[in-house]
Protein chains: 4
Amino acid sequence: MSPESQPLFDAVKRHIAENVEPIAEEFYRLGEGRADRWSWAPGQLELLETAKNKAKQSGLWNFFLPDSEIGKGLSNLDYAYIAAELGKQPLASETLNCSAPDTGNMEVLERVGTEAQKERWLKPLLNGEIRSCYAMTEPGVASSDAKNISTRAVLENGEWVINGEKYYISGAGDSRCKIMICMVKTNPDGPASGQQSQILVPMDTPGVQVLGPMTVFGHDHAPRGHMHIKLENVRVPEENILLGVGRGFEISQVRLGPGRIHHCMRAIGQAEKALDLMVKRATSRVAFGKPIIQLGKNLETVSRARIEIEAMRLMVLKAARAMDVLGNREARVWVSMVKAMVPEKVATIIDQAMQIHGATGVSQWSPLSAMYTDVRHLRFADGPDEVHHMVVGRAELERH
Amino acid sequence: MSPESQPLFDAVKRHIAENVEPIAEEFYRLGEGRADRWSWAPGQLELLETAKNKAKQSGLWNFFLPDSEIGKGLSNLDYAYIAAELGKQPLASETLNCSAPDTGNMEVLERVGTEAQKERWLKPLLNGEIRSCYAMTEPGVASSDAKNISTRAVLENGEWVINGEKYYISGAGDSRCKIMICMVKTNPDGPASGQQSQILVPMDTPGVQVLGPMTVFGHDHAPRGHMHIKLENVRVPEENILLGVGRGFEISQVRLGPGRIHHCMRAIGQAEKALDLMVKRATSRVAFGKPIIQLGKNLETVSRARIEIEAMRLMVLKAARAMDVLGNREARVWVSMVKAMVPEKVATIIDQAMQIHGATGVSQWSPLSAMYTDVRHLRFADGPDEVHHMVVGRAELERH
Amino acid sequence: MSPESQPLFDAVKRHIAENVEPIAEEFYRLGEGRADRWSWAPGQLELLETAKNKAKQSGLWNFFLPDSEIGKGLSNLDYAYIAAELGKQPLASETLNCSAPDTGNMEVLERVGTEAQKERWLKPLLNGEIRSCYAMTEPGVASSDAKNISTRAVLENGEWVINGEKYYISGAGDSRCKIMICMVKTNPDGPASGQQSQILVPMDTPGVQVLGPMTVFGHDHAPRGHMHIKLENVRVPEENILLGVGRGFEISQVRLGPGRIHHCMRAIGQAEKALDLMVKRATSRVAFGKPIIQLGKNLETVSRARIEIEAMRLMVLKAARAMDVLGNREARVWVSMVKAMVPEKVATIIDQAMQIHGATGVSQWSPLSAMYTDVRHLRFADGPDEVHHMVVGRAELERH
Amino acid sequence: MSPESQPLFDAVKRHIAENVEPIAEEFYRLGEGRADRWSWAPGQLELLETAKNKAKQSGLWNFFLPDSEIGKGLSNLDYAYIAAELGKQPLASETLNCSAPDTGNMEVLERVGTEAQKERWLKPLLNGEIRSCYAMTEPGVASSDAKNISTRAVLENGEWVINGEKYYISGAGDSRCKIMICMVKTNPDGPASGQQSQILVPMDTPGVQVLGPMTVFGHDHAPRGHMHIKLENVRVPEENILLGVGRGFEISQVRLGPGRIHHCMRAIGQAEKALDLMVKRATSRVAFGKPIIQLGKNLETVSRARIEIEAMRLMVLKAARAMDVLGNREARVWVSMVKAMVPEKVATIIDQAMQIHGATGVSQWSPLSAMYTDVRHLRFADGPDEVHHMVVGRAELERH
């Protein structure tokens, strides 16, 4: 961590301890047992807003934007350390206006948006007044190959007419989500990397149908959700396109690096927590006359978890540093390395923690199974492991 | 399979196809969206009863009892083949009166029950009029070491007074569950293997408090459930003890072998289904210009899954045969071998199938995540993998 | 095992105990420290011949030929049990005239040879007077894809003129090796599976240059060797072709099944031996105050080894049975399953045994490292694991 | 790397390129095919001496000593970068007087030796006039638990009388090896960590019997060797003890850290080489119509190798840094982490490289099998993986 970012890091930790931790229990309690799972309970948003205002007043706001005049100009490396802290308290990011996918969307708007687009959407996002979503994945095709994207946008009379289906659109169930950045195919006959575009689609545009939540191991993540969305003759003005027709891939390069780093840092935080729970359980339970930790391979499991956690952390920090030094594009192999490495290994560590807990490990009495499903999902999100291994493998071939 | 059991096997398959498959959809539809998740919807039990009566009339009833005058005297090997079929349709077992944990409970009552116990509990169980549960696991101790069981039963004035806490008691949420076989500590100062007893506890006995369901990856399995139960000054007559004071372990030996074999056969059925889904998906989706099956390690993953499935099947059949030839006690090492081997490998195969499906694999559109959580839970149920490896490892040492 | 083959099985065990075990030590001692590593020491072959004669006199001769009027008509299943015994004593096979690659070569000659070919080469092989080799693998191409075979044979004036290079030709260093079956390309422009032929090449034909041994982890296996051979304008009569021009692949189908089964059975025998050594060491050494077996994951390693060994054995027996029932061609998927499964798993078990032995495990004081290199080599011989997984994976796709 | 050490790093690379690479071929050629495998061929040592003198003249001499007035005061971190270079050319270390086990022995003498001991042994070692060995491991006990050391030293009339057996004593076969540091038990009745001492034993002392080499997968590493040594009534003066009676463990703490780091750095260099060979082979060979790299999991294997190599390198550098900052004692958990992590993962990478090479991978035409056996041996040397996992696991427990 650079000396200059230490005060920010400390301030974030203080904010979480003083303004977020104290409201978390009430926040979640208010949300329980609601008939309408897809709205916020009275009082929930007020709690959040109070914490957001405190953050704003302390200047802890929008610092996620790297190298920007709006943000703090934090390096990816310095932000990675902060991300690890954010990962420990699920509400923390939102109170600092740095939740996914808003961060990526704001970064895209800030870099490639027109003045009008910034005024209309970036401003309320930077103020924390609305939220947003990013619609990439489709149910009907293997969208890990982005060239497969089949949602079509056709220009008619100065309007884009969009038809298609998207799913696992995170945050689109949130009543505050007002804008979607939608990856569409505009130039089906163009060169492979020039067929796609990204278009701004307000959520209240006629034809945008939120069909329902996609679940992960049965969980619907209400009231935020990973939504299944149908776009049927959705019409938006021609100027809602980002950067330009056929430049959808180019925009993707901008957004994906930092998000993946943060996902990985958060996942490592979960591995730390799983290891902590594993050790606590294994030292406090007795079977066959000994603490469980002394039985079989358990101590070696602990050792291997520690070693892999340290290795993953160093790799993610190195990838963050690569992004700072080389830029997102050149650092993409490092990003793929950690994205292919971290979720798989963290899932294994959480699974081992569950095994050491016995049945309690998969029950509601332990956070482990929810952590597991989260991380398991991460092995698909932002590209499945296999695609990242392909990127890394090919880069290795190019060296020769 | 022996030639003699072929007609029974065929009749079971016919019964499933003719009497169970056609009701499954309606059965589950009736159960959806109920305010009271812990009762059966009107009409559900009627559907089940009709199918049960058809099975009874065809003589397909209680055949699970091995070497018994009541059952068909099926060998474990022959039953294993049938179990594989039962595993393919979740309702099938109940329509044939051979669901867990009733099968184990009936077997125990039949072998060690007094005439009065048989009349009172075995008879209605054999008739399919009531259901039962088996209370072994405890939340407060590592009950994989059965010596740790802490629920106490003390004899007072001709009554056992029971105090303790049990959890993950499968089926105890079912309104038809009337009787519990409860593992308790009666002789805390006796020799290690003589401290426990098993006692019949009617579910409506005052002091039996069903606190709620234990979930598995968030699922509550309503309205059957894996329940959390508190026993507070529960009083049952002295004669409710099974076999005799301090003979709890002895009874366990009787019950556990066949149940584990059946669990494993069913798990292999799930692996087959996962492999089938994996191949279907991988051959029908295209990415990077090729069917997914031609990408990366996918074809090898299919091959390894097929090899492991065949190996597991042969092992389970061999273990069933060992039980027939050597008896449950001598065959226990074979049973531990398959119990340690199968759930772990099946979980891996299902996980790989999920990965090949992309995000759909963990969603409500695919049965895979539910199958995964089932099999993951099985790595704890009836003894965690680690305990079975201990049994196998020690047997290996004894050979030398 | 079938009841009929039991007497043969017993006789083979007796022969090994009475006629082979007693000569083994002297046989190897005679071979030590020779200046000319590529000849047999005086006395060695005499010892072998004596044991061979005893086997012949007892009728234990050439029984490897399945379903043949010459052999005993042993099923592959019955032979598999015998193969496991042969695997325990390295000299045993040769004394019974059933060493690789002679068995495969004799089987091919017996099935597809002309009368003249049988008279000239099969007869002395069946009598144990000469030995043979099989030249398939080439250094210059990936010969796991048999279509890559580049050694050319051109017909000129009634003679095949052969040019090319072969390596890892097992047994070709043995001074008694008189005949090579050589896989060559005769029809480079034909359809993919009709380009190859197999031709009989006497080892003393001018132009057959044995360049030296290929080593395996540094071992040269003198005086038998896995030889590197150059064929330079080697001329043999037109009638030395087997079965017909362009039918080389067809012949391969005949030969490979049983050999692979036997390799796998032998490998399982080595895994048993490694497990045995592992247990002996782990129970007799003490570290940190306990026998090593009680430390860390060692007992679980023993358990997993036992489970995998039993699973492999059942798989190999099932594959042998499949060959008996379905024929070599139809059973080839089963053969590929065991060939892909067994060497890899056995190598892991031997590696774990080495680890438990500490440095002694890789030293000359233990047979483990030699066993390891053998089995490691087996992961390439007769097709690398990857090719067998491809066969199994494709067969799985065809089912759908 | 620190800016100050960059010139040294560059000078070392230059020395290797100019003075070592050019002599390597001749050096090894001179050593081939010697009747007496345990002496140096005429001319070999002369080549080495010339290169050593060049290094001395350039001031590239004894820089391995960290924080010493004799050496360069290089940090462990800076030395780690140099070690990676040394690992690429087997002769390099010796020409710079920094081969194992001399480095460790010199470091011990420098830190705990008396003036007389330094004069007699350290001086010629620092001058590169003699070589040395370190005798710790014993064949008769599990010496991974150092308390098991059974070689006894008894004080009689001002002399230590030593009896015992040691094996895998690296470098003891070299005719220039003149001094052994021998770990012995002097106080069998003392507290566990105070029973051992380390004593200087000149190799020519009567009773020191070098019985022969211990092999690794059959290799004897002549003329250096890993020797098997018997000590029979070996008598050395009382003042040959190092540091003091019962302080053997204390000395071990000093020596082992840096050596392990260097082993690991060198192993990573081998992994890089294996990955390089893997890619070269997989891109230049064709099977089934494609370069092998495009078949099956090969590209993913390359990707995983790259990821693990980068992770290992970061971990080793971090461990080196920990030693610089925390001292050898406090950093020992980091050292155990990398010692448990690196050799196991590198062995896997080399094994995969062999598999991609086909049979050539295990042959004399590829360095891979020799690299494999080296790294496999490293999983025992300086403590087996299991002991290092124990250290790491226990440290994790202490945190809680």
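Q: How many residues of chain A are in contact with chain D?
A: This is a predicted model: local features need pLDDT of at least 70, side-chain atom pairs count only at pLDDT 80 or more, and totals for chains, interfaces and linings use all residues. Residues are numbered from 1 along each chain as its sequence is written, while chains are lettered from A and ligands numbered from 1 in the order in which they are written. Two residues are in contact if their C-beta atoms, placed from the backbone, lie within 7 Å. On chain D 26 residues take part, and on chain A the number is 26.

Q: Which element gives the most to the side of chain A that touches chain D?
A: Helices are DSSP runs (H or I, at least four residues), numbered from the N terminus. Those giving two or more residues are α7 (248-284), α8 (298-330), α9 (332-357) and α11 (385-398) of chain A. With twelve residues, the top giver is α8(A).

Q: What relation do chains C and D have?
A: A rotation of 180° with 0.0 Å of shift along its axis superposes chain D on chain C, with RMSD 0.1 Å.

Q: Which part of chain A does the UniProt annotation "domain: Acyl-CoA oxidase/dehydrogenase middle" cover?
A: The entry is unreviewed, and such annotations may be inferred rather than shown by experiment. The span is 0% helix and 49% strand, with its end C-alpha atoms 14 Å apart. According to the record, it covers residues 133-230.

Terms used
Least-squares fit on C-alpha atoms with pLDDT ≥ 70 in both.
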